[in-house]
Amino acid sequence: MHIKKQRLLTPGPTPLYPPALHAMMASDLHHRTEDFRKVYQACVSDLKEVLATSYDVVPLVASGSGAMEASVSNLFSKGDKVIVCVAGKFGERWEGITKAYGLEQVVLREEYGGAVSAQSVAAALAANPDAKGVFIQASETSTGAAHDIEAIARHVAATGAILVVDGITGVGTQPLKIEEWGIDVLIGGSQKAFMIPPGLAFLAISPKAWARADASDLPKYYFNLKKEAKNAAAGESSWTPATSLMLALAEALKYIKSIGMDKLIDNAQLLAKATREAAAALGLELFSPGSPGSAVTAIKAPAGMDSGVIVKGFKQRFGAIIANGQGSMKGQIFRIAHLGYFDFADLFAMVAALELLLISNGHPVTLGAGVTAVQRVYAEAAGIKV
Ligand SMILES: *Cc1c(COP(=O)(O)O)cnc(C)c1O
């Protein structure tokens, strides 16, 4: 009762991988040295390995949004027509960035909790044969929904448009076959499934997308992808890199490689499945029941209860930070994260805590019903007969 461990359980920043955190203490090194070039090159080559791509991977010192902006400013030109898929707060970020750079937008909007279908992307491409790009989230972290990137990529690949995927919470939680499916730009960020603090982002860039960079007339200076790719090949970054985060990333990537990217994805998918089953066992509704992703599960608070009560209860009773809804979803939902360094012991505890919080806030549930659902998913996956 009296000791409450601090636990960061949000879908970004996510729980940190301890050896990566410890590696950051070795950052009293200079970035224009052979020692650091080795770290930089290892990060780039390990990123390519875990993403299973031969495309250039360009790291940036920025949170994920910086890489999103860089994809627009470097690969498009003023007035280019683009299709923007919007199904939540992060889709709205694509809308904001493409607007800020003066692109002509065709917005495919879905209600929060929904997902933009491959058919509607195909229809928009057919109606706009001059579209230069399609922007989308693999995983819309604000609602817990995932997009069918495979089906969408196949439509985009058949056109002259490039597909720019915000995979910031998609990488490590759902398969994203860059070359096989035809993803032209895949964006990731450090504070999600990579298990390290915020401040690094990266883009994998296809030759089809690179061809755009030469023609791009939008203003850019700090985020210059061509320059960054050229320097990265030599183990350097254009500006002073976030050396501490690179040391952390190198360590986290070793860990991810040792597990295997497919197993990291499987881990998130199993936790997400167990969470959905726990929600059902507790009579709670999902916010994105039609296309739930595996980065995070958004659960509606019971009728009449503000989800902030659950979020606050986690903090006050158990020292744990979980995510509320963003924007207009605040107070309606709470979000249980699965991406990166989360395991079943975390989930047993979260669901046990959730049951107590529901009961203490006037929503009676059968104690243990949600935890049992999680245990059953674990037992089945682990081959334990129950
Ligand atoms: C976290 C996140 C981002 C990036 O947000 P930053 O605050 O810039 O790191 C972008 N897209 C999605 C889907 C995210 O979850």
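Me: Where does P13 lie?

Reply: In this predicted model, P13 lies in the loop between strand 1 (7-8) and helix 1 (18-23).

Me: What kind of peptide bond joins G12 and P13, cis or trans?

Reply: The bond that joins G12 and P13 is cis, with omega at about -5°. Most peptide bonds are trans.

Me: Why is A52 called exposed?

Reply: The term exposed applies over 50% relative accessible area. A52 has 63% relative accessibility, and therefore counts as exposed. The residue is placed in the loop between helix 2 and strand 2.

Me: How do you know whether M195 is buried or exposed?

Reply: Buried means under 20% relative accessible area. M195 has a relative accessible area of 1%, so M195 is buried. Its place is in the loop between strand 9 (185-189) and strand 10, and its phi is positive, near 65°.

Me: Why is G199 called buried?

Reply: The cut-off for buried is under 20% relative accessible area. The value for G199 is 19%, and therefore G199 counts as buried. Like M195, G199 lies in the loop between strand 9 and strand 10.

Me: With which residues is G199 in contact, leaving aside its neighbours within four places in sequence?

Reply: Contact requires heavy atoms within 4.5 Å. With those neighbours set aside, G199 is in contact with L60, V61, A62, S63, S190 and L245. As for I333, which is 134 residues apart from G199 along the chain, the C-alpha atoms of the two are separated by 27 Å.

Me: Which residues of helix 9 are buried, and why are they said to be on the same side?

Reply: In helix 9 (residues 225-233), the buried residues are L225, E228, A229 and A232. They cover an arc of only 100° around the axis, so they are on the same side of helix 9. These buried residues pack against helix 2 (34-51), strand 2 (56-61), helix 3, strand 10 (200-205) and helix 8 (207-215).

Me: What is found at the start of helix 9, and what follows the helix?

Reply: At the start, a side-chain oxygen of N224 comes to within 3.3 Å of the backbone nitrogen of K226. After helix 9 comes G235, with a positive phi near 80°.

Me: How many residues surround the ligand, and which element gives the most to the shell?

Reply: The ligand is surrounded by 14 residues, and the closest are S63, S65, T141, D166 and K192. By type, the shell divides into 3 nonpolar, 8 polar and 3 charged residues. Helix 3 gives the most, with 3 residues.

Definitions and conventions:
Residues numbered from 1 in each chain as written. Predicted model: local features only at pLDDT ≥ 70, side-chain atom pairs only at ≥ 80, totals over all residues. Heavy atoms only, no water. Near = heavy atom within 4 Å. Helix = DSSP H or I, 4+ residues; strand = E, 2+ residues; numbered from the N terminus. Nonpolar A, V, L, I, M, F, W, Y, C, P; charged D, E, K, R; others polar. Buried < 20%, exposed > 50% of the residue type's maximum accessible area, 1.4 Å probe, protein only. Arc of directions from axis to C-beta. Polar contact = N/O pair within 3.5 Å; in protein donor to acceptor, adjacent residues only side chain to side chain.
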